[in-house]
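Subject: Handing over a structure

Dear colleague,

I am passing a structure on to you with this email, and my notes on it follow below. Please keep the 3D view open while you read, and take the notes one at a time.

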Amino acid sequence: MATAAVPISTPVETAHEDMIHDAQLDYYGKRLATCSSDRTIKIFDVVDGEQKQQPGHTLKGHTGPVWQVAWANPKYGHILASCSYDGKVLIWKEQSNGPGTQPGAGNWTKIKEYTAHTASVNSVSWAPHELGPILACASSDGKLSVLTFQNDGQITADSFNGHAVGCTAVSWAPAVIPGSLIVPTPSATAPAASNGTQPTAVPQTVKRFASAGCDNKVKIWVEDPSTHTWKTEEVLEGHTDWVRDVAWAPNIGLPRSYIATASQDKTVCIWTKDAPGASWVRTTLDPGGSTPGKFADVVWRVSWSLAGNILAVSCGDGKVTLWKENLKGVWECVNEMMS
């Protein structure tokens, strides 16, 4: 393993009364949301990587363990989505106490509740902001839901069969088309302004996301713009047990796409696609243990850095490892952290 500086960890006292399942920083890295089996969500203000001394907010509304939380893009306000064993997806919003109120000083209220799933909702993920306020949900009932929030406050829900045994995770693809930074793609053109300036090209976007399931598969879904229905674009097979997490790497328009998957089979796979028409190629990370290609325990979560070049892997043995692809295309572990 490459030598690297020892990362500094800062403990956060959450006052949760049971196991914490997820922790997410907001877009600016100033707010931390956590959720727990104690059926609550807590929100804290973070300054310079450390928790503020003032008490945080506690959100109560779920009747079962809360598995995951997800922050919406700040262009839509201070909004948080949560999902739970109770089969519900709740949308929370911070309501300002008045003009000049600082972020963190408002009151959090539940503004929407989605209850169509008939079993635990295990994962929620907001679409890239370019696509609008859209939330994907994965449930143990085998269905996936895509919730679109309209300007009038209503929700349009598209629910469809995802994985027969149950869905465990969802992750959106970047809105930009791969390769568009190098080879311009056909784009819509905005009308000319009244002052005579030339019309501007609007980059083409695509609605696409990946889902993981208890059928050991990862599926890629794309919306048909003509019928506004979701169709399976590709199926990635290679794991031998439940796929616990999937994470699509950020992309600014470069040709290559990356997807990371974590599984109950103790492996992490990196799926790469060099061009829109190419096939996905699977690479298995090798942590260098007694069994090649296997981690010491079940791998629960994978998460990309903002630039999409470093992958964090969270394992059941309490270790978090950071991985990076070298110039030869080989994935190397560049750091390791113990909980």
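Residue S82 has its place in strand β7, residues 79-84, where strands are DSSP E runs of at least two residues, numbered from the N terminus. The model is a predicted one, in which local features need pLDDT of at least 70 and side-chain atom pairs count only at pLDDT 80 or more, while totals for chains, interfaces and linings use all residues. Residues are numbered from 1 along each chain as its sequence is written, and side-chain values use heavy atoms, with hydrogens and water left out.

S82 counts as buried because its relative accessibility is 0%, and buried means under 20% relative accessible area with a 1.4 Å probe and protein chains only. The side chain of S82 makes a polar contact of 2.8 Å with the side chain of H62, and another of 3.0 Å with the side chain of W92; a polar contact is a pair of N or O atoms within 3.5 Å, of which, within protein, one must be able to donate a hydrogen and the other to accept it, and residues adjacent in sequence count only if both atoms are side-chain atoms. Leaving aside residues up to four places away in sequence, S82 also touches others, including I41, V66 and L90, where contact means heavy atoms within 4.5 Å.

Strand β7 belongs to an open sheet of four strands in the order β6-β7-β8-β9, with antiparallel pairing, and two strands pair if DSSP finds at least two bridges between them. β6 (66-71) and β9 (107-114) stand at the edges with a single partner strand each, so one side of each has no neighbour in the sheet. Five bridges connect β6 and β7 in the antiparallel sense, and S84 in β7 is the bridge partner of V66.

A further open sheet has four strands in the order β10-β11-β12-β13, again with antiparallel pairing. β10 (121-126) and β13 (155-161) are at its edges, each with a single partner strand, so one side of each is left without a neighbour in the sheet. Strand β12 (residues 143-149) is joined to β13 by seven bridges, and the two run antiparallel; within this pair, V146 stands opposite D158 in β13.

Conventions: Buried means under 20% relative accessible area, exposed over 50%, partly exposed in between (1.4 Å probe, protein chains only).
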